[in-house]
Structures are given as structure tokens and as C-alpha cells.
Amino acid sequence: MTQKEFMKHSLEELVHKNEKLQSSIFGILKESHSDFFGFFGLTDKALVIALISGKKVTYTNRLLLSDMKTIRINKNSPNQYEIAISFGEGELLRIIANKKVLRIDTQEQELPFFIETL
């Protein structure tokens, strides 16, 4: 299974029956003490997350878009974005995503759509 197929498969498992995966990207989830590689996808109702280690999914989550309070997007370099999402109380969900990613040829097209949709 290619990295792109692994991403699609991992995220589609988190999509409900009446939804469709509209966008999917690879990125890094930044937490206060650790960074985690993962796949991030959008449906019309949710942000779906599958964190990975190698070819294994280690953690999944599904966050409703309606629960988002604030979204901040910073361009760190010409090819890198930091997406910070607040769901109210608690830490921000911080995602670092690059326009180009090895073995995922759709990233450059998907990332702008992902950012715009948020």
C-alpha cells in the first residue's frame, strides 16, 4: 500500500456513512512536549485525524467543525503552513503542513483546499 493509499484508507475509516472525505493532507501535530506525524482530513461536518508511526495508525480522532471556536493560519515559509484550531477550553490543535510531501503527490493540491475549507 502506498503512503497516499494508507492516508486515504486511514481517514476514510473515520468518515460516517452520510459523509465524504473532501480533503486529506499529511502533517505534524504539534503538542507541548511532542510532535506526531499524521493524516488530517475534512468532511462537511468533521476534521478527522489519524496519527501514525510507520505504517501503523496509533491514534484517531474526529472533531466536529461546528465545535471550532477560532482558526489561525500562519505561513511559516513559502512551502509551510501552521494551522492552529481552538475548540474552546484547552490547548490549541496545531498542525504543521508542507505543500510538498514525498510519496503523497496530492499534497500540493489538497493543502490549499484544506486551508480554504477550514
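This is a short tour of the structure, stop by stop.

**Before you start**

The model is predicted: local features need pLDDT of at least 70, side-chain atom pairs count only at pLDDT 80 or more, and totals for chains, interfaces and linings use all residues. Residues are numbered from 1 along each chain as its sequence is written, and side-chain values use heavy atoms, with hydrogens and water left out.

**Stop 1: the whole protein**

Show everything as a cartoon. The protein has two helices and seven strands. From the N terminus, the elements run α-β-β-β-β-β-β-β-α. Helices (H or I, at least four residues) and strands (E, at least two) are DSSP runs, numbered from the N terminus.

The radius of gyration is 13 Å, close to the 13 Å that the globule rule gives for 118 residues, so the protein is as compact as a globular protein of that length. That radius is taken over C-alpha atoms, and the rule is 2.2 Å times the number of residues to the power 0.38. Along the principal axes, the C-alpha atoms fill a box of roughly 40 × 35 × 30 Å.

The protein exposes about 7,000 Å², and carbon and sulfur atoms supply 49% of it. The areas come from the Shrake-Rupley method with a 1.4 Å probe; for residues, only the protein chains shown count as cover. Of the 118 residues, 40% count as buried. Buried means under 20% relative accessible area, exposed over 50%, partly exposed in between (1.4 Å probe, protein chains only).

**Stop 2: the sheet**

Select the seven strands. They form an open sheet in the order β4-β3-β2-β1-β7-β6-β5, with antiparallel pairing. Two strands pair if DSSP finds at least two bridges between them. At the edges, select β4 (56-64) and β5 (70-77): each pairs on one side only. Neighbouring strands are turned by 30° against each other on average, direction ignored. Axes are lines fitted to C-alpha atoms, for helices over the stretch in contact, and angles run from 0 to 180 degrees between N-to-C directions.

Now zoom in on β2 (residues 35-42) and β3 (residues 46-53). They pair in the antiparallel sense over five bridges. Pick Gly38: Leu51 in β3 stands opposite.

**Stop 3: the two helices**

Select helix α1, residues 3-12. Helix α1 packs on the sheet and touches β1 (23-30), β2, β3 and β4. Its direction makes about 70° with that of β2. Contact means heavy atoms within 4.5 Å.

Move to helix α2, residues 107-117. This helix also packs on the sheet, touching β1, β2, β3, β5, β6 (80-86) and β7 (93-98). Its direction makes about 80° with that of β1.

**Stop 4: salt bridges**

The whole structure holds four salt bridges. Each is a side-chain nitrogen of Lys or Arg within 4 Å of a carboxyl oxygen of Asp or Glu.

Asp105 lies in the loop between β7 and α2 and Lys4 in helix α1, so the pair ties together parts 101 residues apart in sequence. Asp105 is exposed, at 58% relative accessible area. Lys4 is partly exposed, at 28%.

Next, select Arg62 and Glu19, with closest N and O atoms 2.8 Å apart. Arg62 is in strand β4 and Glu19 in the loop between α1 and β1, 43 residues apart. Arg62 is partly exposed at 23% relative accessibility, while Glu19 is buried at 10%.

Finish at Lys30 and Asp35, whose side chains meet at 3.2 Å, N to O. Lys30 is partly exposed at 24%, and Asp35 is partly exposed at 46%.
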